[in-house]
Amino acid sequence: KRIVNFSAGPATLPFEVLQQVQAELLDWQGCGMSVMEMSHRDKEFMSIAQAAEADLREVAGIQANYKVLFMQGGATGQFSFIPMNLLRGKQGIDFVLTGDWGKKAAKEAARYAKVNVAASSETDKFANVPARASWKLDPGAAYVHITSNETIHGVEFAADPDTGAVPLVADMSSNILSRPFDVSKYGLIYAGAQKNIGPSGVTIVIVRDDLIGQAAANTPGIFDYKQMADNESMLNTPPCFAWYVSGLVFKWIKDNGGLKGVGERNAAKAALLYDYIDSQDFYRNPVAKADRSRMNVPFTLANPELDAEFLKGAKAAELSGLKGHRSVGGMRASLYNAMTLEGVRQLVDYMKEFARIRA
Ligand code: PLP
């Protein structure tokens, strides 16, 4: 039995990938052991690791002057130690805040640097992305940090912003590989794998060559991008199994139309849900239309007293993971790459029926 899983993360994986994992679980390609049991130094795992990187480079169009790292510690680890790596003798970091994850990243960065909030939509309850023209960027900043998709508030940058000579750093945890994007606009991209890529435990980092190698002297080796890159992400034991499954997902994306195909399907899924929400008054999404996330769709019921009943009925209909984040309440449907259009149809049908009975 498989439920339809709208969880914000760890999230549903492509069924074909899970089937392949199952088929290879005990004996990976005739080597007589599971990927979980292999030494990361053996040629079998090295081939898995290298293929994953090559496929990710191909899928995302990552140029040769970028390093691709498979790290641990999640996105939280990344936003905690990016400043150690990227301050490079500068004093300040610019943040554009569009939700709680950006705020958390800014709070961690404030341990090391002067944080300048160049723009924020907090006074609008994070219901939009501040217009690029309104950002008050500091030309001397070490970098500009954005969260390309705010998972809790359901706010997404519609395009890759331009920050000129100051490197752009993006937390893409909840929308990486969900549509074509221009890596060359970014100095560094990071993402926990557990939404659009694979199992939790591996964190993807894509970083431009010229930004590494200048970490603060007290940066621990495993948090230092240069040391990680020099050791092919194997300075210590890497998250082998999560890395392997991520590699299968990169292949799955290649086999399913690349980022263009994935992006078109994600746009269709999100349109189905938003169009229904906008067509009636029982459910509501507060985000400015141009800035709505195609990955995470928060919505409220006209009468919050019906929330528990809505969730109970959803569970009975085998629709899971719809409870909104505890900080904002209501509901949230996450529509990452592995969610099917049919799954979203089932959700919309259930919402229609619930509204018909309870409105
Ligand atoms: N950033 C964003 C946008 C997220 O959605 C999340 C988790 O949901 C995080 C960071 C934290 O990720 P991790 O749990 O990998 O540290």
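Predicted model: local features only at pLDDT ≥ 70, side-chain atom pairs only at ≥ 80, totals over all residues.

**Helices α1 and α6.** I began with helix α1 (residues 15-24) and helix α6 (residues 240-255), whose axes come within 10 Å and cross at roughly 135°. Axes here are lines fitted to C-alpha atoms, for helices over the stretch in contact, and angles run from 0 to 180 degrees between N-to-C directions. That angle makes α1 oblique to α6, since angles under 35 degrees count as roughly parallel, over 145 as roughly antiparallel, 65 to 115 as roughly perpendicular and the rest as oblique. From α1 the contact takes E16, V17, Q20 and V21, and from α6 it takes V245, L248, V249 and W252; contact requires C-beta atoms, placed from the backbone, within 7 Å. I sorted the α1-α6 contact residues into 6 nonpolar, 1 polar and 1 charged. For these classes, Ala, Val, Leu, Ile, Met, Phe, Trp, Tyr, Cys and Pro count as nonpolar, Asp, Glu, Lys and Arg as charged, and the others, Gly among them, as polar.

**Ground rules.** Residues are numbered from 1 along each chain as its sequence is written. Helices (H or I, at least four residues) and strands (E, at least two) are DSSP runs, numbered from the N terminus.

**Helices α7 and α9.** Next I checked helix α7 (residues 258-278) against helix α9 (residues 341-358): their axes come within 10 Å and cross at roughly 5°. That makes α7 roughly parallel to α9. I listed R265, A268, K269, L272, L273 and Y276 on the α7 side, facing L341, V344, R345, L347, V348 and M351 of α9. This α7-α9 contact has 9 nonpolar, no polar and 3 charged residues.

**Helices α3 and α4.** The axes of α3 and helix α4 (residues 100-109) come within 8 Å, crossing at roughly 40°, which makes α3 oblique to α4. α3 passes α4 in a right-handed crossing. In this contact F79, S80 and P83 of α3 meet K104, A105, E108 and A109 of α4.

**The ligand.** Which residues surround the ligand? I found G9, G74, A75, T76, W101, T147, T151, D171, S173, S174 and G192, counting a residue as near if its C-beta atom, placed from the backbone, lies within 6 Å. Helix α3 (residues 74-86) gives the most to this shell, with 3 residues. By class, the shell has 2 nonpolar, 8 polar and 1 charged. I placed D171 in strand β8 (residues 168-171).

**The record.** The unreviewed UniProt entry annotates A75, T76, W101, T151, D171, Q194, N236 and T237 as "binding site". They span 163 residues in sequence and the farthest two C-alpha atoms are 30.4 Å apart, so they do not all gather at one spot. UniProt positions are given in the numbering used here, feature names are shortened, and annotations may be inferred rather than shown by experiment.

Most residues other than glycine have a negative phi, and most peptide bonds are trans. I found the G9 to P10 peptide bond to be cis, with omega near -10°, and P10 sits in the loop between β1 (4-5) and α1. K125, not a glycine, has a positive phi of about 55°; K125 lies in the loop between β4 (114-120) and β5 (144-147).

Definitions and conventions: Contact = placed C-beta atoms within 7 Å. Left-handed = near helix turned anticlockwise from the far one by under 90°.
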